[in-house]
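Here's a quick briefing for anyone opening this structure for the first time. Have a look at it, then read on for the main points.

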Amino acid sequence: MIAKVWRARLIARLLPYLLIAPTFVLVLMFTVLPAFNTVNDSFYKPARGLNAAGKSPQFVHLQNFVDILDDSHYMGQRFLRSFRNTLIFALATVFVAVPLGLLLALLLNRPQRLLGIWRFAVFYPALLPLIGAASIWSFIFSDSIGLANAVLRSFGHPGLNWLGDRNLVLLSVIIVNIWKQAGYFMIFFLAGLQNIARELYEAAALDGADRFQQFMGLTLPLLRRTLLFVSVISFTFAFQTVEQLQALGEGGPADSANLLLYLIFQNIAERRNWGYVNAMTLVLIAVVLVFTLGNFLLFERSESER
Amino acid sequence: MTGKSGAAQTVAAVLTGAIGIVFLLPLVFTILVSIRPENEPVTQGSIFFGSEITLSLYQHALNIAPWGLHYLNSIIFVGGTLLVQLFTVTCAAYAFARLRFWGRNLLLLVILLQLMIPSGVLLVQNFRMINLLGLFDTRLALMLPYWGSAFGMLLLRQAFREVPIELDEAARIDGANLLQVIRHVYVVNAIPAYVAFALVSLSSHWNEFLWPFIITRSEAIRPLTVGLNKLIKTTDQGAFYGQLMAGTIIVITPLVILFLLFQRQFVESFARSGIR
C-alpha cells in the first residue's frame, strides 16, 4: 500500500519532466548544442573535410574572423560583399515591403467588389515555396523572352540583363522578395486595423478630420506597435530567406547579389571552408539573435501590460 | 458621401486593382506559358495563348524528374513532421500550461531559444549533428530537427491556459486518467490552435529547400522543392522555361488548393506565426 502511494507520488513528480522531455531534448540537440558548437568551431580550422580521419582540427584563435573581415582575403571579399548585400536586402524589405503591406491592408480592409480576388492576389505569393516563386521570376527576368524585357521593349527600351548584370541582380532579388512578402506583412496590419474601434473614426469624422488626417492622427499611432513588430520580423526574416537565389543568379556574378546564408549554404553544399562557415554562421546568429530577442522582450512586455 | 470622399474611393479602387493585377501577373503567365506548345515563347504570336493549348510541357517536366516520387516524399516529410510534432507539442504545452515543477521557467527559457535562433541559420552544425548520428540521407534526418517546436508549444500552451480548470477537475472526478483528460478536455478545446499550427507547419515544410537539399542525396527520398531545383539547373535556354513553369505549377498546386479551401484559417494562422 505504502509502496503504491510512493510510486504514484514519484510518477506525479516526474510527469512534467517526461512530458517536456521530447521537446527539450530536441531543442538541446538542434539549437543549443549547435549554437555552442558554432562558437567553438569558429576558432578552428579543420584538417580537411568534415571528419577528416585521424587528424584533429587546428586551433587558430580568431584567425577565421580576421580572414572573413579582411577585404584582401578571398573569403573576406565574399563575406563582406554578401553581408553588405544582406543589409541592403533587409533594409529594402523593411522600407518597401512593410509600407506596401500597410497600404494593402488599408486598401483591403473595406467591403468592396472582388475583395476575395484581391486578397488572394496579394497573399498567394506568401504561400509559394521561395524556390518556386524564384523559378517563376527567373522566367519573367529572362533575357530574351522574359516579361520584364517585353514590357521595356514595348516602350522602346532595349531591355535589361536582370539576372546577369552585376548592378541589377540584387535589385531583381529584392523585387521578388517584396512581391513575396508584402501580402504576408499585410495580414498583421489587417489584424491591427480590425482592433481599432469604429467609433474612433466616427468621432474623428464628426470633428471634421478628413481621411488623411484620420490616418495620420488615428490609424498610424494606433498601429505603431504593429509597425514596429512587423519591421523587426521583416528585418530578421530577410537574413533567413535566401532560397530564391538558387533560381535568381546564384548570388552572382562575383557575389554581387549573394546573401550571407546562401554563401554559407554554398560552402556547406561544396563541403568546404568549415572554419569560415562557422565564423560566418556566428555573425549571422548574432544579428538575428539581437533582433529577435529585442522583439521578444518588447512583445512580452506589451503582453504583460494588458 | 461627399464628392471628395467619392473621388478617394475611386482612387483606392483603381490602386487596389492595379496592385492586384501586378501581383497576379506572374501566376497567370506561369499558367499560360505552361500550356503552350514547346518552343513557342510568349513573345511570339498571341500573348495569351499559343497556337494550341497542350499539356506537352508537363509531359516533358515529368520526364526530367520523378514528380510522383517527389510528391510522395514531400507528403511523408510534412506529414511525418506534423504527426510527431502534434504529440511532442501537446505534451510540453500541457506541462507548461498546467503543471508546477522545479526549474519550470528555466526549462521554458531553453525551449524558447529555438524562437530566437531559428534552425535555418544553424545549417552547418545541424548537418554535422545528423552526420554524427549517422542519419545522413535518411527520411528521419529531414524530420528530426523539427520534431520539437517551441512555436507550437507556445501556441498550444496559450490555448490550454484558456480552458477552464473546472473542466479538468470535473473530468478527473469522473475518473479520467491524464491521457483522457488531455484528449477530451484540452485537445478538443484547442482545435483552432491546432489548425493554425498545422497549417503553418505543413506549408513551411512543404516549401523548404535548403535543409532537404543539404541533408539528402538520394532521389528516392528528396521532396518536391529539390526536384524543382533539378529542373531549374537544367533550364538554361529559353526553350526550357516552359518546362520549368509546368514543373513550378506541379509543385505549388496543392498549397494553392489548400489555401483556397482554408483561406480564413490560413490568414489567421499566418498572423500568429510572426513569433515563429
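Chain B has 14 helices and zero strands, where helices (H or I, at least four residues) and strands (E, at least two) are DSSP runs numbered from the N terminus. This is a predicted model, so local features need pLDDT of at least 70 and side-chain atom pairs count only at pLDDT 80 or more, while totals for chains, interfaces and linings use all residues. Residues are numbered from 1 along each chain as its sequence is written, and chains are lettered from A and ligands numbered from 1 in the order in which they are written.

**Chain B overall**

- Going along the sequence, chain B reads α-α-α-α-α-α-α-α-α-α-α-α-α-α.
- The radius of gyration of chain B is 24 Å, well over the 19 Å that the globule rule gives for 276 residues, so chain B is more spread out than a compact globule. (That radius is taken over C-alpha atoms, and the rule is 2.2 Å times the number of residues to the power 0.38.)
- Along its principal axes, the C-alpha trace of chain B spans about 75 × 70 × 35 Å.
- Of the 276 residues in chain B, 44% count as buried. A residue is buried if 20 or more other C-beta atoms lie within 10 Å of its own, exposed if 12 or fewer, and partly exposed in between, with C-beta atoms placed from the backbone.
- Take the contacts in chain B with a separation of 6 or more: residues 24 or more positions apart account for 71% of them. Two residues are in contact if their C-beta atoms, placed from the backbone, lie within 7 Å.

**A covered helix in chain B**

- Helix H5 of chain B (residues 123–132) is mostly covered, with seven of its 10 residues buried.
- Among the buried residues of H5(B) are Leu123(B), Phe127(B), Arg128(B) and Ile130(B).
- Just after H5(B) comes Gly134(B), which takes a positive phi of about 70 degrees.

**Chain A overall**

- Chain A has 12 helices and two strands.
- Its pattern along the sequence is α-β-β-α-α-α-α-α-α-α-α-α-α-α.
- Chain A is also more spread out than a compact globule, because its radius of gyration is 25 Å, well over the 19 Å that the globule rule gives for 306 residues.
- The box filled by the C-alpha atoms of chain A, taken along the principal axes, is roughly 75 × 75 × 30 Å.
- Buried residues make up 44% of the 306 residues in chain A.

**Where the chains meet**

- The contact takes 74 residues from chain B and 73 residues from chain A.
- Helix H1 of chain B (residues 3–34) provides the largest share of the side of chain B that touches chain A, 15 residues.

**The core**

- The largest nonpolar core has 161 residues, and those touching the most other members are Met186(A), Leu261(A), Ile264(A), Met280(A) and Leu156(B). A nonpolar core is a set of buried Ala, Val, Leu, Ile, Met, Phe, Trp, Tyr and Cys residues joined through C-beta atoms within 7 Å.
- Helix H7 of chain A (residues 169–194) gives the most to this core, with 14 residues.
- Leaving out residues up to four places away in sequence, Met280(A) touches Ile68(A), Phe79(A), Leu260(A), Leu263(A) and Ile264(A).

- Leu193(A) is found in helix H7 of chain A.
- Leu193(A) counts as partly exposed because it has 18 C-beta neighbours inside 10 Å.
- Not counting residues up to four places away in sequence, Leu193(A) touches Ala105(A) and Asn109(A).
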